[in-house]
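Let's take a friendly walk through this model, moving from one turn to the next along the chain.

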Amino acid sequence: MFENNRPRFASYGVVNSLPGEIIDQVWYIIDNNLQGMFQLNEMIGFNLTNQKNHLTFEFLQQDNVVASFDTPFPYAESFPEALWVYDDGSSQIILLPNEQM
């Protein structure tokens, strides 16, 4: 799951709530920090949190935070609280939790 040679997308809700470089950061974290370190199921989750006015991604497994990734991006209150990333075996998409597949 989550091999970087598959097409990758972001939902309409994600594109409208996060800058492109933060969307790219999600794929970077998956490729460089999660792949090979954690068992990745078809759906993975992240909380987006404010750490000293910077955005931090908290990687969730079974509703538990198992890793945190600080970013250089300023945190904004308008950011969603969480993201899901889904891999259907042929493509991958970042979604907001309230968006249906």
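Lys52 sits in the loop that links strand 2 to strand 3, where strands are DSSP runs of E with at least two residues, helices are runs of H or I with at least four, and both are numbered from the N terminus. This is a predicted model, in which local features need pLDDT of at least 70, side-chain atom pairs count only at pLDDT 80 or more, and totals for chains, interfaces and linings use all residues. Residues are numbered from 1 along each chain as its sequence is written, and side-chain values use heavy atoms, leaving out hydrogens and water.

Most residues other than glycine have a negative phi. Lys52, which is not a glycine, has a positive phi near 55°. With a relative accessibility of 79%, Lys52 counts as exposed (exposed means over 50% relative accessible area, buried under 20%, partly exposed in between, with a 1.4 Å probe and protein chains only).

What about strand 3 itself? Strand 3 (residues 54-61) is largely enclosed by the rest of the structure, because 6 of its 8 residues are buried.

Follow the chain onward and strand 3 meets strand 4 (residues 64-74), again antiparallel, with 7 bridges joining them. Gln61 has Asn64 in strand 4 as its bridge partner. These two strands form a hairpin with 2 residues between them, and Gln62 in the turn has a positive phi of about 50°. Gln62 is exposed, at 76% relative accessible area.

Notes: Pairing = 2+ DSSP bridges.
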